[in-house]
Amino acid sequence: MEELPEYAERVLDVTEQIPPGRVMTYGDIAEWLGEGGPRQVGRIMALYGGAVPWWRVVRSDGTLLPGHELDALGNYRAEGTPLREAPPGAEGHVPRLDMKRARWDGGGGGGAVDDAHI
């Protein structure tokens, strides 16, 4: 198995520390690491995210990852992640994340993200 790029390791380390029921955006992770941006974090998650709780890294608008909505939704419901039900006219009636309640800032009570912030 080939070694992960250092940035990928850092992104995955932060992802593993997001507590169940909480989320961070792609941009949140890039900002926390002080490197890259949302697209770079998204690329890392697409290539290497399968081994970590990928559903906890999300779009800033709270929409579920296209093509993975049902898998993500099952995880969110199992973890008690705050959701906003879709309006009746919404295609597929897929809920969104309640970003005000679900977003995690890396602070206390949910893990030691500070250890990853080097």
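This is a predicted model: local features need pLDDT of at least 70, side-chain atom pairs count only at pLDDT 80 or more; totals for chains, interfaces and linings use all residues.
Colleague: How much of the chain counts as buried?
Modeller: The figure is 43% of the 118 residues.

Colleague: And the contacts? What share join residues at least 24 apart?
Modeller: 59%, counting contacts between residues at least 6 apart in sequence.

Colleague: Let's go to helix 2. How many of its residues are buried?
Modeller: 6 of 8, so helix 2, residues 26-33, is mostly covered.

Colleague: Which ones?
Modeller: Tyr26, Asp28, Ile29, Ala30, Trp32 and Leu33.

Colleague: What covers them?
Modeller: The cover includes two helices, helix 1 (6-17) and helix 3 (38-48). Strand 1 (24-25) and strand 2 (57-58) are also part of it.

Colleague: Asp28 is on that buried list. Why does it count as buried?
Modeller: Its relative accessibility is 16%. Buried means under 20%, so Asp28 qualifies.

Colleague: What does the Asp28 side chain join up with?
Modeller: The side chain of Arg103. The two make a polar contact of 2.9 Å.

Colleague: What comes just after helix 2?
Modeller: Gly34, with a positive phi of about 70°.

Colleague: Switching to helix 1 and helix 3. At what angle do they pack?
Modeller: About 85°, with the axes 10 Å apart. Angles of 65 to 115 degrees count as roughly perpendicular, so that is how helix 1 and helix 3 are classed.

Colleague: Which residues make the contact?
Modeller: Helix 1 supplies Tyr7, Ala8, Val11, Leu12 and Thr15. From helix 3 come Gln40, Val41, Ile44, Met45 and Tyr48.

Colleague: How do they divide into nonpolar, polar and charged?
Modeller: 8 are nonpolar and 2 are polar. No charged residue takes part in this contact.

Colleague: New topic, aromatics. How many pairs does a search of the whole structure find?
Modeller: It finds 1. The rings belong to Trp54 and Trp55.

Colleague: How is a pair of rings described?
Modeller: By the distance of the centres and the angle of the planes. For Trp54 and Trp55, the centres are 5.7 Å apart and the planes stand at 85°. Planes over 60 degrees apart count as edge-to-face, so this pair is edge-to-face.

Colleague: Is Trp55 buried or exposed?
Modeller: Buried, because its relative accessible area is 15%, and the cut-off is under 20%.

Technical notes
Residues are numbered from 1 along each chain as its sequence is written. Side-chain values use heavy atoms; hydrogens and water are left out. Buried means under 20% relative accessible area, exposed over 50%, partly exposed in between (1.4 Å probe, protein chains only). Helices (H or I, at least four residues) and strands (E, at least two) are DSSP runs, numbered from the N terminus. Contact means heavy atoms within 4.5 Å. A polar contact is a pair of N or O atoms within 3.5 Å; within protein, one must be able to donate a hydrogen and the other to accept it, and residues adjacent in sequence count only if both atoms are side-chain atoms. Axes are lines fitted to C-alpha atoms, for helices over the stretch in contact, and angles run from 0 to 180 degrees between N-to-C directions. Angles under 35 degrees count as roughly parallel, over 145 as roughly antiparallel, 65 to 115 as roughly perpendicular and the rest as oblique. Ala, Val, Leu, Ile, Met, Phe, Trp, Tyr, Cys and Pro count as nonpolar, Asp, Glu, Lys and Arg as charged, and the others, Gly among them, as polar. Rings of Phe, Tyr and Trp (its six-membered ring) pair if their centres lie within 6.5 Å; planes under 30 degrees apart count as stacked, over 60 as edge-to-face and the rest as tilted.
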